Amino acid sequence: MERFLNLTLTGVSSGVVYAAAALALVLIWRSTRIVNFAQGGMMMITTFVAYSVVRSTDSYWAGFAVALVAGLVLGAVVERLVIRPVEDAPPLNAVIVTLGLLIFLQAIAGMIWGGEPRSFPVAFGIEGYDVAGTRLLFSSSDLFAVLAVVVVMGLLVVLFRATPVGLRMRAAAFAPETARILGVRVGRTLTLGWALAAMVGALAGLLVAPSTFVSPSAFDQILVFGFAAAVLGGLDSPLGAVVGGLLLGLLLSYLSGYAGSEVVTLGALVVVIVVLMVRPSGLFTSGAGRRV
Amino acid sequence: MSATSGRGPVDGAAPMLAVDDLTVAYGAVTALDGVRLGVPEGGITAVLGANGAGKSSLLRTINGLVRPRTGTVTLAGEDITRVAVEDVVRRGLAHVPEGRGVIVELTVEENLRLGGLVRRDGDGEGRAAAADRVYTLFKPLAERRRRPAQTLSGGERQMLAIGRALMSRPRVLLLDEPSLGLAPRVTADIMAVVRGLRDSENLTVLLVEQNARSALSIADRAIVLNVGRVVVDAPAGELAADASLRHAYLGF
């Protein structure tokens, strides 16, 4: 029972990270129908920036804040300079461009910070909470990760549902030409969408870096899990991304605990294949089937 | 039956919306060929013609979605030919696209709010009042405020599309085939509302229709396009009464 509880808690704390990575992918997919293969590279860059800020200021929170802002800026710049030229091109062009960007970012990071994995601090302690005499595998840093992702999700819901900017972004995502007729500057909403997505990605990087360390290719696997979570929840649904992330985190945690950690990546792959075979639109996307 | 000139139409008053020497081509295909027409303020001008006559191209060029090869579009004396589509609506020209163009994933209320976002006077109360006015004009929408537009019937979607355009408080309304796919009675209801807006608010309307009979029932002026050219520009009643013109271009 205690083992099950601990596996569940571990699943939740890794699940929220997959959820954040999935959310970053979903935000971009929704608005531009592009799967951002460079997401791992972008969050690696922002996490390295946080690493440098933490090193020079000795403040975790300075690094945290700078990484989120760096995410916003990086997302906007990438959309304007790299994605804008291929937005109207065949989908494969965007795939190639984001893959190229990933390689570019990894090379840049290698030149600046080197190829060695660097350790990254946690927000709070890593000591598990003691409850009724047992030490849980759930620390205040894990709790912070869960709360951070929940808060970000909540803010995004408020933004999309209750603000004019959110309404414009949804309109631009669902029907770009109609949105333009109604005065929405679709180009700006796309830039904002990429900026927000990259900021959520930056958060995912900050939360996962203490356990993976930071290196140019440190987040490749997290992105695979994030993609699996997004497919599970439905690529069009932010809520689906979060639920998909949590479900995947739990599933992989149980797999790792009861079947062995070597089958975890295989498990994520099986999830993707099963979802695509049984319910290709994911758990939370309704309506017409996806084109993919 | 003279073509009204871009600047000075027959009755001397400058038109609210004018198009002069407009030529639009997609590759080698010419959609509009030297089109010139004026839409007087506070009137309903119908643009009629068969499929492929260039009617939709005309609207899409007026609102900036399509760039013309030559010619100008003038709104209330200002040249808007090169104004981007996102800004045309801010100048007071609202477009109800063909096929209704409501955003089906958004609710009725959200579609209306979206239409009102470009209003600059837009304090919350002004927008709420504008929405209430739309709900008064189109009663069925009022009962479905929180429903996704997906759940609306064809007629209700057309009402929503027109209502959404009205939210920006336009001076000119471009209507693209509002009768498309609607039952005759629903079409008549919608035409009556458009007529009412002209009468009560002096709204200027450019109405593109394939359904010439119902368009002529509310229009003040009628223009017939044939393969990208203006072939008739006359008072609506005159065109409706002229059997040979009707047979030649409108098929009834």
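A: In chain B, strand β4 (residues 70-75) is joined to β5(B) by 2 bridges, and the two strands run antiparallel. Strands here are DSSP runs of E with at least two residues, helices are runs of H or I with at least four, and both are numbered from the N terminus; two strands pair if DSSP finds at least two bridges between them. Within this pairing, Leu75(B) stands opposite Glu78(B) of β5(B).

This is a predicted model, in which local features need pLDDT of at least 70, side-chain atom pairs count only at pLDDT 80 or more, and totals for chains, interfaces and linings use all residues. Residues are numbered from 1 along each chain as its sequence is written, while chains are lettered from A and ligands numbered from 1 in the order in which they are written.

The loop between β4 and β5 of chain B contains Ala76(B). Its phi is near 50°, a positive value in a residue other than glycine. Ala76(B) is partly exposed because 17 other C-beta atoms lie within 10 Å; the classes are buried for 20 or more such atoms within 10 Å, exposed for 12 or fewer, and partly exposed in between, with C-beta atoms placed from the backbone.

The β4-β5 pair belongs to an open sheet of 4 strands in chain B, ordered β2-β1-β4-β5, with antiparallel pairing. Its edge strands are β2 (29-39) and β5 (78-79) of chain B, each of which pairs on one side only. Helix α1 (residues 55-62) of chain B lies across β1 (17-26), β2 and β4 of that chain and runs at about 65° to β2(B). Such angles run from 0 to 180 degrees between N-to-C directions, with axes fitted as lines to C-alpha atoms, for helices over the stretch in contact; residues are in contact if their C-beta atoms, placed from the backbone, lie within 7 Å.

Chain B also holds an open sheet of 6 strands, in the order β6-β7-β8-β3-β9-β10, with mixed pairing. At its edges stand β6 (93-96) and β10 (229-235) of chain B; each has a single partner strand, so one side of each is left without a neighbour in the sheet. From one strand to the next, the twist averages 15°. β6(B) pairs in the parallel sense with strand β7 (residues 172-176) of chain B over 4 bridges, and Val96(B) has Leu175(B) in β7(B) as its bridge partner.

In the loop between β7 and α7 (184-201) of chain B lies Glu177(B). Phi of Glu177(B) is near 50°, again a positive value in a residue other than glycine. Glu177(B) counts as buried because it has 22 C-beta neighbours inside 10 Å.

Chain B as a whole comprises 10 helices and 10 strands. Its radius of gyration is 17 Å, close to the 18 Å that the globule rule gives for 252 residues, so chain B is as compact as a globular protein of that length; the radius is taken over C-alpha atoms, and the rule is 2.2 Å times the number of residues to the power 0.38. Along the principal axes, the C-alpha trace of chain B spans about 45 × 35 × 35 Å. Of the 252 residues in chain B, 50% are buried. Among contacts in this chain between residues at least 6 apart in sequence, 68% join residues at least 24 apart.

As to confidence, the mean pLDDT (the predictor's confidence in each residue, from 0 to 100) of chain B is 87, and 92% of its residues reach 70 or more. Residues 1-10 of chain B have pLDDT below 50, and this stretch has 25 contacts in the model beyond near neighbours in sequence. The model scores ipTM 0.86 and pTM 0.85.

Finally, 14 residues from chain A and 17 residues from chain B form the contact. On the side of chain A that touches chain B, α6 (164-174) and α7 (176-181) of chain A are the elements that give two or more residues, and α6(A) supplies the largest share, 6 residues.

Key:
Two residues are in contact if their C-beta atoms, placed from the backbone, lie within 7 Å.
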